[in-house]
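Here are my notes on the model, point by point. Please read them with the structure open.

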Amino acid sequence: MKRGGLQNYIIRRLFYAFLIAFGVVTVTFILLRVGPSSPADKYLANISSRTQDPAKVIEAVEARYGLDRPLYQQYFNYLVSLARGDWGWSFSTSLPVIELIKRHWIYSFQLILLSMLFASSLGILIGIYSAVKQYTKTDYAATFFSFIGISIPNFWLGIMLILVFSVQLGWFKTYYDTGLPLFSLANLKALILPVITLGTGMMAGYTRYSRSATLDNLRKDFVKTARAKGLPEYIVIGKHVFRNAILPIITIIMFDLAGVVFGGAYLTEIIFGIPGLGRISFNAIFANDYPVVITITLIGAMVVLLTNLATDIVYTWLDPRIRYD
Amino acid sequence: MRRITEVFGGRRNLLFSGLLLALLFILLLDLFFVHHIFSPFVYFYLCFALVIVFYGIYPLYVSRRLTRYYWDRTKRHHLAVIGLVFIIFLVAVAIFGPFLTQDPTKVDFPNKNLPPVGFSAEQSTYDRTTGQFITRETPGTWLHPLGTDDKGRDMLAMLVSGTRISLQVGLMATLIAIFIGLILGVVSAYLGGWADNALMRFTDIMMTFPFFLLLVFIVFIFGPSLWFIILAIGLTGWTGTARLVRSESLSLRTRDFIMASKSLGASDRRIVFHHLIPNVLSSVIVIATLSIPGVILAEAALSFIGLGDPTVTSWGLVLQAGQRSLETAWWIAVEPGIMLFLTVLAFNFLGDGVRDAFDPRSQV
């Protein structure tokens, strides 16, 4: 494959990602400004208890944050400050937003990473196994449970896990203990229930996808050839089929990483009280702390953009048949 | 008359638009002159019913042979039929249930935390005469077959009310999303060039926002009301449909029957309404069925985290109350979750069957 082709492709995609990021920021800005309440009102909701004259406060806030200037200037200022890394000030925690995110992102990251590992490894294994044993009881059971796994609302699953394992059996704490050191067994134990909560739905999805991808490949000629050559079955499945079946699943996993996980992790963090980005923005919503809410929405969008880009690049590396020129 | 009919793309569309306009007129009259004979929801239901009758039941009735074919194919999926039966049951509950149950908002503190029939739970109550808390076993009563919550509200009534809300949100938001996606997809494919590029780049931007995060953001800005949540889900959930419809229309456009129609002198409008849209509809129906559970879950999740409409009793709201009292009353969290789970499962079963039935490549 021509290296130049790939490089050009990546440059083109980066440029494109930049354009979309620009669009995302614009949409966020518009949503914010067409909303019924101005940002100044949201600030006001936080400070009004301490002052006497709300009109004066609005005026002062608008002057301070440039909200009295024309809309295009505000938009421009917004872009400039975002580009300079100035993401605003979170008044409910009295910290710069960027500092707040630096402190908390690791909690979301560990939860998402562990859930992805749990869901993808188990899901792909069960999927391939059930495809190989097609139309057996194991296969039917796997299909049935994957249907249930897809349909079960993950926030309810989380509550049920807490009810059974924490409240009734008392094996775990009902709340995530933030005092635990990050890389410790105790922390890992505390994350078991959240990881199952977030991972079950994804695992069920991967089971289904990898089952159908494996079935597709099992019927191909190269599998017959491999078997005819007398290769042991574990090599036929583990090497020939697996390598081909894994490709579409990787796209889906990357897609999930961006979209589904962000929604699911959000709820999981809220249920278990894990102080990750979801929990922070949840608190920020009720505190009317709007710089935090915007920033986390933007971060979510950026994660989607970057994972999409990464998927395409990883794909060219995994599947040499794909060419971009 | 013929010309007008042509502009609307057929008599059916003309009649539909006329009825819709009439409904809008009555709504405006109601809003500004007569003052709220019906709640705005009634009008929304009527619109919804019109769409179903004109673009769901009528085409199915006209082409009975095709309907029979699809039904036979769907019927082979036993799970899909079970799903359909459960959904019909839910619709019946949503329509008639609220008339048969108690008031879901009626607070009754002496009867709080009653377990469902057949279960009993320990409860501590304050005894006024002795001034002490006494703990005793409380059995469930038939007055509240599914128990009561921490404020003494009847669980059955709340679940029935939640059914109505969930179906409302699920069906209406999906309908809005599908409608937008269908129009944008067809327009994008048909115009091509510059307009197509702009529309698809906009779709990319919308797809870049994680769906739930965007929803939370919008509801945060505009405030929680059921109307707004339906609109927000509808206005953000169209991206997948738009892409699907666009790609299907692009491939349809080069097919022989459309070429033939074009060379016979058919107008663009006729091709779009008579050939393009009817042919993408089967994929659209599949994607609609499969996206309803996501929408229902999104609404439940929104009310669960406290961004739902506080004036209506939805499953998410009950679930939120349930998490608060997990240690005293497990059934408050269990029951709405089971309803939510079964509903999503039923739509997934049905969607799977419908997909196999409508996809001509699949051999069931």
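1. Of the 325 residues of chain A, 35% count as buried, meaning that 20 or more other C-beta atoms, placed from the backbone, lie within 10 Å of the residue's own. This is a predicted model, in which local features need pLDDT of at least 70 and side-chain atom pairs count only at pLDDT 80 or more, while totals for chains, interfaces and linings use all residues. Residues are numbered from 1 along each chain as its sequence is written, with chains lettered from A and ligands numbered from 1 in the order in which they are written.

2. Chain A has 13 helices and two strands, taken as DSSP runs (helices H or I, at least four residues; strands E, at least two) numbered from the N terminus. Of the contacts in chain A with a separation of 6 or more, 72% join residues 24 or more positions apart; a contact puts two C-beta atoms, placed from the backbone, within 7 Å.

3. Chain A gives 35 residues to the contact and chain B gives 33. On the chain A side, the elements with two or more residues there are α1 (3-34), α6 (137-151), α7 (154-168), α11 (233-272), α12 (277-286) and α13 (290-318). That side of chain A has 28 nonpolar residues, seven polar and no charged; Ala, Val, Leu, Ile, Met, Phe, Trp, Tyr, Cys and Pro count as nonpolar, Asp, Glu, Lys and Arg as charged, and the others, Gly among them, as polar.

4. Just after α10(A), Gly230(A) has a positive phi of about 90 degrees.

5. Mean pLDDT (the predictor's confidence in each residue, from 0 to 100) is 79 for chain A, and 84% of its residues reach 70 or more. Within chain A, helix α2 (residues 39-47) has the lowest confidence, a mean of 58, and helix α9 (residues 192-218) the highest, at 88.

Terms used
A residue is buried if 20 or more other C-beta atoms lie within 10 Å of its own, exposed if 12 or fewer, and partly exposed in between; C-beta atoms are placed from the backbone.
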